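Thanks for sending this one over.

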Amino acid sequence: MAIILDHAPINIASGFFQTAGIAIAANITTLQLRLARNTTATPTFWPNASTTIVGNIRVSFDGGSNYQHSCGFTASGGLVIVDGVEASETTLRGPVTPTQSGRLIRADVTVTNGPLLSELTLETFTT
Amino acid sequence: MSYADTARKATAKATTVGSLNVTLNSTIAGNLVICGTSSYDGGGFSQEPVVTDGGNTWTKRFTQTGVTVSQCASLSYSVLGTGGNRTINSDPGVNTYDIALFVHEFSGPHSTPASGTPVGAGNSGSALASTGSTIPTDNDVLVIAVEACTNPLSSITENAGSEGFTLSNENENAITGDAGSMVFKIMVGSPGTPSHSWTLGQSTTWECGIAAFKPLSETTHVLTPAMMV
């Protein structure tokens, strides 16, 4: 596993946001995105259930001229209890295949009722 | 024309989301795409996932809901009217979910491919997840089985079952998404009463189901004189 971003602070206003292309190694098959959620210990993170995110991961095989959709999710903020425990992250894990050199990944994000204040971690895997 | 595995498949997993999607690239119109979903809502609400891809018609084949928890294993399919890169989305409807998606494309389906009646099962507190037997009504069917289980760090072993299934995709020892597995078997001739089982790493709550799909055309099986004696 390699960490591209490690709990990087983010503050995304309402609207559409697109990251720059991020280069990944030739043998990477899987990308994981982790978004810190609202908890008792992190009360300023993504506190409102009305703040929603539509996140999509895209992959370029031609140096950034074109991007193909890989995977995506929708999620809402606020405190979420799972099995009696506060959920600390929203997580997405999906493919960035086929493997080859020179690939770029990009995140396309739409936030409603922002801003979305959180921390973002991006990790890559070879299996 | 019978079924063939195109080897085009994809999986995605997510934790604490409202919906999840994954793109299956370079699909071909007329082929069958299967979407197995393992989903879990720790808040106590269970909803059947609705699968869409922004254009084609999707049909739910089964949803096996949990015995004591808000979890389900679900199977939907589409005979694609439009191929190409398809973004397949699974939305359980309300609340936040842990989800795993397993999508897989097969060539050779009938235009109305459902065969027989799907069966499913669920249990809490055992380490053997078994679908029970389905009874396809056609020869040369494609059989798909999907499993979901609660314990996130449990291993999942796909057993040969009665017919020797092949793993499509799984979410084993799952930290991200709900744990689960999808397997398939392309049958030749009379299918009998196929079933499948998974051995889990520990006793937990599980749900699973199995369903058969009719091929575009069935092979004619000619009896030789020796066979007719």
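This is a predicted model: local features need pLDDT of at least 70, side-chain atom pairs count only at pLDDT 80 or more; totals for chains, interfaces and linings use all residues.

1. Let me begin with the extent of the contact. Chain B contributes 21 residues and chain A contributes 23 residues. Together the chains bury about 1,500 Å², with carbon and sulfur atoms accounting for 44% of that area. On the chain B side, B:Thr16, B:Asn21 and B:Thr176 supply 27% of the area buried against chain A, more than any other three residues.

2. Next, the elements involved. On the side of chain B that touches chain A, two or more residues come from each of strand E1 (4-17), strand E2 (19-27) and strand E7 (84-91) of chain B. E1(B) gives the largest share of that side, with seven residues.

3. The make-up of this side of chain B is worth a look as well: 14 of its residues are polar, six are nonpolar and one is charged.

4. How many salt bridges would you count between chain B and chain A? The count is zero. Polar contacts are present, though: 13 residue pairs between chain B and chain A are in polar contact, counting those with both residues at pLDDT 80 or more.

5. Finally, please look at the strand pairing across the two chains. Strand E9 of chain A (residues 89-95) is joined to E1(B) by three bridges, and the two run antiparallel. Within E1(B), B:Thr15 is the residue that stands opposite A:Thr91.

Conventions:
Residues are numbered from 1 along each chain as its sequence is written. Chains are lettered from A and ligands numbered from 1 in the order in which they are written. Side-chain values use heavy atoms; hydrogens and water are left out. Contact means heavy atoms within 4.5 Å. Buried area is the accessible area (1.4 Å probe) that two parts lose on being put together, summed over both. A salt bridge is a side-chain nitrogen of Lys or Arg within 4 Å of a carboxyl oxygen of Asp or Glu. A polar contact is a pair of N or O atoms within 3.5 Å; within protein, one must be able to donate a hydrogen and the other to accept it, and residues adjacent in sequence count only if both atoms are side-chain atoms. Helices (H or I, at least four residues) and strands (E, at least two) are DSSP runs, numbered from the N terminus. Ala, Val, Leu, Ile, Met, Phe, Trp, Tyr, Cys and Pro count as nonpolar, Asp, Glu, Lys and Arg as charged, and the others, Gly among them, as polar. Two strands pair if DSSP finds at least two bridges between them.
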